[in-house]
Amino acid sequence: MPGSVGLRLVAAIAAQDTSAIAACFADDVQLRALIPPGLRERTSAADSAALVAGWFADSTELELVGSHTGDVGDRLHISYRFAGVEEGEPYLVEHHLYCIVGESVRIERVDLLCSGFRPRHVRPLDSTA
């Protein structure tokens with residue numbers, strides 16, 4: 001089932017498990033990621049997993065806020081949002097992935113769009129309520 005690889009990928013990223021991320025990709029996966037600094041491309045499971053895991057490597061906290069998997073025509077759509085902390089600064093980040101999943105139920109091609117690591121403002125409780 002193609003959606004199951006999406007659930008595995010999100011769980012692997014949440015666990016910050018590079019090997020589990022790589023296991024979601026075909027050996028010769030083609031990954032294109034549009035992130036705020038620009039386009040990043042990788043052509044192997046190991047390199048793609050290292051790229052994705054590297055985005056969260058400095059996070060001292062990482063919490064999955066929400067995720068979704070579903071079909072968009074012949075593509076698997078995976079989205080997830082994480083709240084994290086890096087260098088003492090809280091952030092939110094969201095990714096949308098559009099994937100071709102092979103018969104091995106591994107991702108063969110993925111186009112990823114990243115929101116960037118956005119500042120997360122922690123609001124104090126309103127003591128007047």
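1. Strands in this note are DSSP runs of at least two residues, and the elements are numbered from the N terminus. The model under review is predicted. With that convention, Glu 94 belongs to strand β5, which covers residues 89-101.

2. Glu 94 is partly exposed, since its relative accessible area is 22% and the class called buried ends under 20%. Its side chain forms a polar contact of 2.9 Å with the side chain of His 96. Apart from residues up to four places away in sequence, Glu 94 touches Tyr 80, Arg 81, Leu 113, Cys 114 and Ser 115. Phe 117 stands 23 residues from Glu 94 along the chain, and the C-alpha atoms of these two residues are 8.1 Å apart.

3. His 95 is also a residue of strand β5. Is His 95 buried or exposed? His 95 is buried, because its relative accessible area is 0%. The side chain of His 95 is joined to that of Tyr 80 by a polar contact of 2.8 Å. If neighbours within four places in sequence are set aside, the contacts of His 95 include Trp 55, Phe 56 and Ile 78. Ser 79, Leu 112 and Cys 114 are also among them.

4. Ser 79 is placed in strand β4, and a relative accessible area of 11% makes this residue buried. Beyond its neighbours within four places in sequence, Ser 79 is in contact with Gly 66, Ser 67 and His 68, as well as with His 95 and His 96. The student may wish to locate Ser 79 and His 95 together, as the two are in contact.

5. Leu 112 lies in strand β6 and is buried, with a relative accessible area of 4%. Leaving out neighbours within four places in sequence, Leu 112 is in contact with residues including Arg 32, Ala 33, Leu 34, Trp 55 and Tyr 80. His 95, His 96 and Leu 97 are in contact with Leu 112 too.

6. The largest nonpolar core contains 33 residues. Two or more of its residues come from each of α1 (2-14), α2 (18-23), β1 (25-35), α3 (45-56), β4 (75-86), β5 and β6 (107-114). Which element gives the most to this core? That element is α3, with seven residues.

7. Leu 9, Ile 21, Phe 25, Ile 78 and Ile 107 have the most contacts inside the largest nonpolar core. Phe 25 touches Leu 9 and Ile 107, and its other contacts include Leu 31, Ala 45, Ala 49 and Val 110, with residues up to four places away in sequence not counted.

8. Leu 39 is located in strand β2, residues 38-42. Leu 39 is partly exposed, with a relative accessible area of 49%; this value does not reach the exposed class, because that class requires over 50%.

9. Gln 16, in the loop between α1 and α2, has a positive phi near 55 degrees and is partly exposed at 38% relative accessible area. Val 105, in the loop between β5 and β6, has a positive phi of about 55 degrees and is partly exposed at 21%.

Terms used
Residues are numbered from 1 along each chain as its sequence is written. This is a predicted model: local features need pLDDT of at least 70, side-chain atom pairs count only at pLDDT 80 or more; totals for chains, interfaces and linings use all residues. Side-chain values use heavy atoms; hydrogens and water are left out. Helices (H or I, at least four residues) and strands (E, at least two) are DSSP runs, numbered from the N terminus. Buried means under 20% relative accessible area, exposed over 50%, partly exposed in between (1.4 Å probe, protein chains only). Contact means heavy atoms within 4.5 Å. A polar contact is a pair of N or O atoms within 3.5 Å; within protein, one must be able to donate a hydrogen and the other to accept it, and residues adjacent in sequence count only if both atoms are side-chain atoms. A nonpolar core is a set of buried Ala, Val, Leu, Ile, Met, Phe, Trp, Tyr and Cys residues joined through side-chain atoms within 4.5 Å.
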